[in-house]
Amino acid sequence: MFRYFRSRLRQIHKRKGFLLVSLAAVISLTALGITIFASLSLNRIAGTSLLRIRPETGASSVPVLGSGLDLAVLPDTNMLRDPSFEPYVFKTSFIIEDGSGSVIAVPNARSGQGIYGEGFFSGADVTVTRLDDTGVVVKKTGKVVKYSPDRLASFLLSPVTGDIPEESKLMDITVRDGLVVAVGDNGIIINGINSQSPSIIYSGVSSAIISVTNNSKTFYACTEEGLILSSPDGSVWSIRTPPENIELSAIAASEDAVIAVGRSGRFLIGDDQVLYSRELGIDEDITDIVYDGKDFVMITEDGTLFASESGIVWRKVTETGLRSGRIKFRDSLYTLTDPSGSVRVYEDIGGEPLSEYDFEEGIVDVAAISAMKIIVLCKDGKLYETGDYGRNWTEVSSLPPAACSMIGAVGDGQVVCSENIRSTYISRLVTEIELDSPLNSGEFEAGEVCYLSISYPEIPDSYKSIDLTSDKLYAWEFYGDGSAVRAIDKGAPSGGNGIMKLSPGDDYGVISQIVSPQNTGRGLTAGEFYIFTVWIRQDDISQQSVKVWLSGDYETFGTEFTNIGTQWNKYTYKFSVPRGIPDGDDSDIRINIGSAGGGDFYLDNAYLGEVVHGESHIPDSFDEFINETDPRIVRLSWLGIGCVDSSQNSWAANAQLEEGLTTVYSQDRHSAPWIVVDSHSSGAEIRNLLEYLAGPISSEYGSIRHKNGSALPWNNRFEKIYLEFTDDSRIYDRDILKAAYIDSCIQTVQNSPYYSGLRNVLVFVDGMVYDDGLMLSRADYFSLGYTFKQDEIILMKIKSDLDRFVSFMPRNPDRPSDSPFAIMKSTDRGEYADEFDTADLVVLMMNNVGRQTAGSLLTWDMGFADEISDAYRAAARIVFGAVSGERVPLTVESQTADTGAISCYAFADGPEMIFVVTSHDNAPSSVMFDFPFEGRKASVVRFDGSGRMIEQREVRRSNKSINIMPGNVLVFTLAEGDEEK
């Protein structure tokens, strides 16, 4: 046996060369098998085939504008709120209905009814414009002498016709969804008594219908004899016989029940099917009933109020003492009257009245038009009105031609006043605006637009819509014996138009506010160094000083400013926060400014921030973000030029525009500013804007620019300046008016003496929303904001939503279809802001660039934070880099089984090409750039879904697949090779 094995070993030794070859073959086959298995496994995991990408040869396209940022808010290092004491600005606009001489009349529904009280806009600037063949032109400018809301216009006779017996009285009126139903004597029902064609309906009863009401489904009415009538539409009525005869006085309805009240405490209750008779358990007559949305409320002959949610169980609320009382409910207020002349207004029928008033003439009827507006008809035929919850009453100057026996409100500010059905008169509430001078010729005409603008240092009492959450409203608090009064006056340099007048009085006066992290994302931190600055002046030279200190749950510390003169001077205090005090995010740390004894001090332009910022209002991290991402366009949408809540030219006085332009401008960048002008801007303000941009320092606004820090005009420092005209205030309701407004703004710009220096720089942008799908203005581009609407954050959803966005773009008949002229000017991601990954944001910005849009702007609306999210930063860097310069979009050919989850975008600038590939697949995929690039330099940069750069390398050869993971973005750059090589 041993010999056998030895013989075999010698044979094997002789065949050694063959074995080595065989072994190598086995190893190669094994490796190939492993490779094939791995490849099959990868494909099985990825669920998609290899994506091959190549640019289409010979394709040409118009260069895109680029991509950039929309600054909806500019981050600020200032920790103070309301630091410059700017005035409160109020603007409104409306379509004129008629007018004569110096008086304009506007229906209340168009003039801010319930917001602006009597005299609110007295002293306001007024501008009236009209549309003619040349566009929107100014017809009248001036001042408002008298502003009178809630005035009754002239009464007009209702055109009621038909077989109506003489002296048939109108008894009651109700309205539902614009349909006015009135009832009266002889069973008469009238639909649309306030319209041009009222219709008479004969109910089938011969007695008087004394009361009418409705819920969302049914109209109800009742007769004094006890019959109940009902109708689903106000036209076809059914008569319902009650279970027993009850003399009725009034009817009211909720969604579930109808109740008719009458004599001796008895009433009927039921629904659409059945009626029951009930007794309240009192001997007094029930004279009236209303439903307030929660409870039925009835009043008895002796003035006692009862309430019930269902009408079954009633509770006694209060005794008013009113005899034969009537009750009206409107906008959460109850108005109670009696024939003797007493009026009481309640917000809570169980509490004390808001007001009480007595008319000696006695009261016939009352109409509650709104919570603020109540009209009383007295027995002598006069009308009296109130606009302050019944505290004060004035006689109405406009009266119906004949004495009336009833009055009622019918919605939209309309009032019905009637002696009988044939003598029914209609009026409505209007706002009358008296100007300081009449038109030189002609009259105010229907369709013209009236603009009002006024500023107040403090919120006036006549403003009825105060935002109680306003940070500006409650930022500064006053302590002491003197006073702290805001004033509209020329402030410190770049301090705007508002100042604070601090008068300590005989003792002391202090203004104070909590240092919150609202603006900066952080409060005061122990151990950190801060700087506080404020501009101060006083009327007289005196030895008084101003103290500044911080207070909280620790020993106070601060400083004292002395030698305060009569000119504005800046005072500075640098300090460090003591260690051991509570964290500023949670504690009540206050900054206090005060003085003791005598003199008046004026304060402006206060600042509190970290020393490291060097008093710069732009945080370093945001400046770094701008430098890193290098946006091609920066839209300064936060400026508010011409907005409803900004005063005219405030962008210049407070240096906001200067701050924005400085943020955009850099010697190392090629960014262009985008300035937004809203429809409350006047022609004069637009001309001032051009003077600020291009005027010499000898001009008024060139001088302001110089004081704000820029001696050189801005038109010489930018290659482009985008100027968008928009109507965020929704003044213009027709496409022809929108286009005419844009064209008139463009004409104003072109008529400016500074236009010659801006001609090759300005780009006009139309920011309107056109209903008919055509852009009619002469602007160079159209802009539209994008709002994400889908419920799921995946690529196909975003693309579907972007298709919806494109459908809102108007078309320009003068532009070829292959030349995009629309720009995505903003991106509102709403509640999904934190759910977007890098690929989401890139697709959102790039999907339409070069195809339907010429550019896209990514909105920076996250509020300031020390760290800007990596995904947001990475997406901005990718998009702004790819869509920059004069790049031309390339048509990309891709070959794969399913490209729905992977997208490729390509742009070229001469020989350089950039490809951006995004993946939203649920598994890894791979891409291959299927074209030769020998002799050229290729590189790839990869970002993950969170925005982190995970790879950066050169690519040596083509036809090599590159893996891409879900949510990742791959940037492939192909440039000219090194000349040395």
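Predicted model: local features only at pLDDT ≥ 70, side-chain atom pairs only at ≥ 80, totals over all residues.

User: How many aromatic pairs does the structure hold, and what kind do phenylalanine 90 and phenylalanine 120 form?
Analyst: The structure holds 35 aromatic pairs. In the pair of phenylalanine 90 and phenylalanine 120, the centres are 5.1 Å apart and the planes stand at 85 degrees. Angles over 60 count as edge-to-face. The pair is therefore edge-to-face.

User: How many residues apart in sequence are the parts that this pair ties together?
Analyst: Phenylalanine 90 lies in strand E3, residues 88-95. Phenylalanine 120 lies in the loop between strand E5 (103-107) and strand E6 (125-132). So the pair ties together parts whose separation in sequence is 30 residues.

User: Which residues do ring pairs link into a cluster?
Analyst: Phenylalanine 90 and phenylalanine 120 belong to this cluster. Ring pairs link the members, which are Phe90, Tyr116, Phe120, Phe121, Tyr147 and Tyr456.

User: Which kind of pair do phenylalanine 622 and phenylalanine 625 form, and in which helix do they lie?
Analyst: Their ring centres are 6.1 Å apart, with planes at 45 degrees, so the pair is tilted. Phenylalanine 622 counts as buried at 1% relative accessibility, and phenylalanine 625 is buried at 0%. The two are 3 residues apart, about one turn of the helix, and that helix is H3 (residues 620-629).

User: Which ring does the charged end of arginine 537 sit over, and which one does arginine 717 lie over?
Analyst: The charged end of arginine 537 is 4.3 Å from the centre of the ring of tyrosine 602 and sits over it. Arginine 717 is 5.5 Å from a ring centre, over the face of tyrosine 665.

User: At what angle do helix H6 and helix H7 pack, and which residues make the contact?
Analyst: Helix H6 (residues 683-694) and helix H7 (residues 700-707) have axes 7 Å apart and pack at about 55 degrees. That makes H6 oblique to H7, and H6 passes H7 in a right-handed crossing. On the H6 side the contact is made by Asn688, Glu691, Tyr692, Leu693 and Ala694; on the H7 side, by Glu700, Tyr701, Gly702, Ile704 and Arg705.

User: How do H6 and helix H8 cross, and which residues of each make the contact?
Analyst: The axes of H6 and helix H8 (residues 735-750) come within 9 Å and cross at roughly 45 degrees. H6 is therefore oblique to H8, in a right-handed crossing. The contact uses Gly683, Ile686, Arg687 and Leu690 of H6, with Cys745, Thr748 and Val749 of H8.

User: Where is isoleucine 641, and which residues is it in contact with, leaving aside neighbours within four places in sequence?
Analyst: Isoleucine 641 is in the loop between strand E47 (633-635) and H4. It is buried, with a relative accessible area of 2%. Isoleucine 641 and glutamate 685 are 44 residues apart in sequence, with C-alpha atoms 8.7 Å apart. Leaving aside neighbours within four places, isoleucine 641 is in contact with Trp651, Ile675, Val676, Val677, Asp678, Ser681, Glu685 and Leu689.

User: Is aspartate 177 buried or exposed, and what is its phi near?
Analyst: Aspartate 177 is found in the loop between strand E9 (170-176) and strand E10 (179-184). At 79% relative accessibility, aspartate 177 counts as exposed. Its phi is positive, in a residue other than glycine, and near 50 degrees.

User: What is the phi of alanine 655 near?
Analyst: Alanine 655 is in the loop between helix H4 (650-653) and helix H5 (656-664). At 11% relative accessibility, alanine 655 counts as buried. Its phi is also a positive value in a residue other than glycine, near 65 degrees.

User: What separates the C-alpha atoms of serine 894 and arginine 52?
Analyst: Serine 894 is in strand E55, residues 892-895. It is partly exposed, with a relative accessible area of 38%. Serine 894 and arginine 52 are 842 residues apart along the chain, and their C-alpha atoms are separated by 5.4 Å.

Technical notes. Residues numbered from 1 in each chain as written. Heavy atoms only, no water. Phe/Tyr/Trp six-rings, centres within 6.5 Å; stacked < 30°, edge-to-face > 60°. Helix = DSSP H or I, 4+ residues; strand = E, 2+ residues; numbered from the N terminus. Buried < 20%, exposed > 50% of the residue type's maximum accessible area, 1.4 Å probe, protein only. Lys NZ or Arg CZ within 6 Å of the ring centre and 35° of its normal. Axes fitted to C-alpha atoms, helices over the stretch in contact; angles between N-to-C directions. Parallel < 35°, antiparallel > 145°, perpendicular 65-115°, else oblique. Left-handed = near helix turned anticlockwise from the far one by under 90°. Contact = heavy atoms within 4.5 Å.
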